[in-house]
Amino acid sequence: EGFTHAVLLGMGGSGLFSEVCSTTFRVEPPHLDLTVLDTTDPTAIRRQQRRCPAERLLMIVSSKSGSTSEVSALSKYVYYTLAEAGVEPGAHGIAVTDTGTSLEAQAKAWKFRRLFTHGPGTGAEVGGRFSALTFFGLVPAALMGIDTAILLHRADAMAIRCGAQAALEENPAAQLGVVLGSLAMAGRDKLTLLCPAALASVGTWIEQLIAESTGKQERGIVPIHGEPWRDGIPYGTDRLFIELHMAGQRDGDLEDHVRSLTAAGHPVIRIEWEDPYDLGGEVMKWFIATAITGSVLSIDPFDEPNVQESKDRTKALLERYTREGRLPEDDPPIFSDEHMVLYGLRGARQPASLTQACAALFEQLRPQDYLAVLSFLPRTPSLDEAIRALHAALAKRLDHATMLGVGPRYLHSTGQLYKGGPDAGAFLFLTAESAEDLPIPGEPWTFAVLKHAQALGDLQALQQRGRRLLRVHLRGDLDGGMQRLQRSLEEAVTQIVPR
């Protein structure tokens, strides 16, 4: 019917596997060029709108609960922009959800062309991050032209290899789960993923599965993904490395890096795929291994209590905005000038400069802690690149493991670990006013307000738990502010960790 592109509106487990499929497999016409939109940032949403004309776009609304706030807002916006473009929105819509949800009712009211639901005994019991091999992962995969029968066959074969009847010494999931759990108990709780560019999204999927499944009850495994390799700075004894690669696709630099890690005495697990369809078996292995890891750590891998907490705080802030027409005032700043305002650093002395504030955050890092950069900045190409550069600079100069999370996406993955896991993280939290905004049809708030409420809600949750935190709120020239912040961070690292 002329569709060439698809946009999947889904957060966390409802969207990450589709992102893996779109980057792991070669997708060609007549199948759909699919992207995942998992943000409330107006700039990113507007950029997605420019990808293709409305008449060629298929909208996939994906939410297990059916009431995910980001998905609800995005679906309303895309539905009405399709209508404004003169096409029949329902004919451009597919929904994936559980039976009895508000999304199911909405899809019927909007007359979507297809509705996929899971009910009791047919998938409703499967948690979101374990849903890759249900409709949530398979519907988008089929639209991209991936042979889901082969994908499921590989998953079935791995399930047999990892089943209760398999000998433990020949059970890949048992081996992986016991190693992850036991090494974490021994202090090697920084699971560092090494993936070539073609498989980088697999690392993102594993990051969410591990962080959300194990990060609770003040324990958990910290997945490190996308951290630049270090030159000259030894890794700590808190690391376990997992390398993933495809047979026949040699990466000499990655192989050299793995050899150096092994020579230095670090444990390294090497996983090789024969072809992209081994993805089906890989996710099955990680599902079972994650459950086993939870058993070793004595936690329930199937709940995510602190994810809901941030959602509840965001909801309360939006209700206040509806009553008062504004979000609450910030706490008194610890430092400000015309370009930025700083908050946080409880227990530290009042900084006289940005560099002093950065140094105070680094001083709070203990051995085997990690530093996470959490960004709610506008999603412009220049700011995205600046955030990656900032993370790279810190990763190459700090002794500690480093993470990078972009909000609100990380709220549905590593956010559980940050709040429910061990108090082993220090957080650099970046916010700014949005220069661009978009309305949410039927709501009294806009996307910029929703995004700001999500940032404040997560800040509140982190602060309630006494997490070590420096918030940098940029204003004015955001690109210039990021350059200044990176210079100050590098100066602070030099003061704290002389090289």
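**View 1. L180 and its neighbours in the largest nonpolar core.** Leaving out residues up to four places away in sequence, L180 touches L191, I210, I221, L240, I242, W286 and T293. This is a predicted model, as are the views that follow. The largest nonpolar core holds 57 residues, and L180, L191, W205, L279 and W286 are the members that touch the most others. Helix α10 (residues 278-297) gives this core its largest share, seven residues. Elsewhere there is a second, separate core of 55 residues, with M59, V222, L459 and L462 among them.

**View 2. Helix α12 crossing helix α16.** Two packed helices are described by the angle between their axes and the distance between the axes. Here the axes of α12 (residues 354-363) and α16 come within 8 Å, with a crossing angle of roughly 50°. That angle makes α12 oblique to α16, and the crossing is right-handed. On the α12 side, the contact is made by L354, T355, C358, A359, F362 and E363, while α16 brings R484, L485, S488, L489, E491, A492, V493, Q495 and I496. Sorted by class, the residues of this contact are nine nonpolar, three polar and three charged.

**View 3. A closer look at S488 in helix α16.** S488 belongs to helix α16, which spans residues 478-496. Is S488 buried or exposed? S488 counts as buried because its relative accessibility is 7%, and the cut-off for buried is under 20%. If neighbours within four places in sequence are set aside, the contacts of S488 are L354, T355 and C358.

**View 4. Helices α3 and α15 side by side.** The axes of α3 (residues 69-84) and α15 (residues 447-464) come within 12 Å and cross at roughly 170°. The two helices are therefore roughly antiparallel to each other. From α3, residues S69, E70, A73, L74 and Y77 meet F447, L450 and Q454 of α15. This contact is made up of five nonpolar, two polar and one charged residues.

View 5. F3 lies in the segment before β1 (5-9) and counts as buried, with a relative accessibility of 17%. Which residues does F3 contact, leaving aside its neighbours within four places in sequence? They are L32, E55, R56, L57, L58, A91, H92 and R113. Take E55 from that list: F3 and E55 are 52 residues apart in sequence, yet their C-alpha atoms are 7.3 Å apart in space.

**View 6. Two cis peptide bonds.** P29 and P30 are joined by a cis peptide bond with omega of about 10°, and P30 sits in the loop between α1 and β2 (33-37). A cis bond also joins G407 and P408, where omega is about 5°. P408 is in the loop between β13 (401-406) and α14 (415-420).

View 7. E218 is not a glycine, but has a positive phi of about 60°. Its place is the loop between α8 (200-214) and β7 (222-224), and E218 is exposed, with a relative accessible area of 66%. L345 also has a positive phi in a residue other than glycine, near 55°. L345 lies in the loop between β11 (340-344) and α12. At 4% relative accessibility, however, L345 counts as buried.

Technical notes. Residues numbered from 1 in each chain as written. Predicted model: local features only at pLDDT ≥ 70, side-chain atom pairs only at ≥ 80, totals over all residues. Heavy atoms only, no water. Helix = DSSP H or I, 4+ residues; strand = E, 2+ residues; numbered from the N terminus. Buried < 20%, exposed > 50% of the residue type's maximum accessible area, 1.4 Å probe, protein only. Contact = heavy atoms within 4.5 Å. Axes fitted to C-alpha atoms, helices over the stretch in contact; angles between N-to-C directions. Parallel < 35°, antiparallel > 145°, perpendicular 65-115°, else oblique. Left-handed = near helix turned anticlockwise from the far one by under 90°. Nonpolar A, V, L, I, M, F, W, Y, C, P; charged D, E, K, R; others polar. Core = buried A, V, L, I, M, F, W, Y, C linked by side-chain atoms within 4.5 Å.
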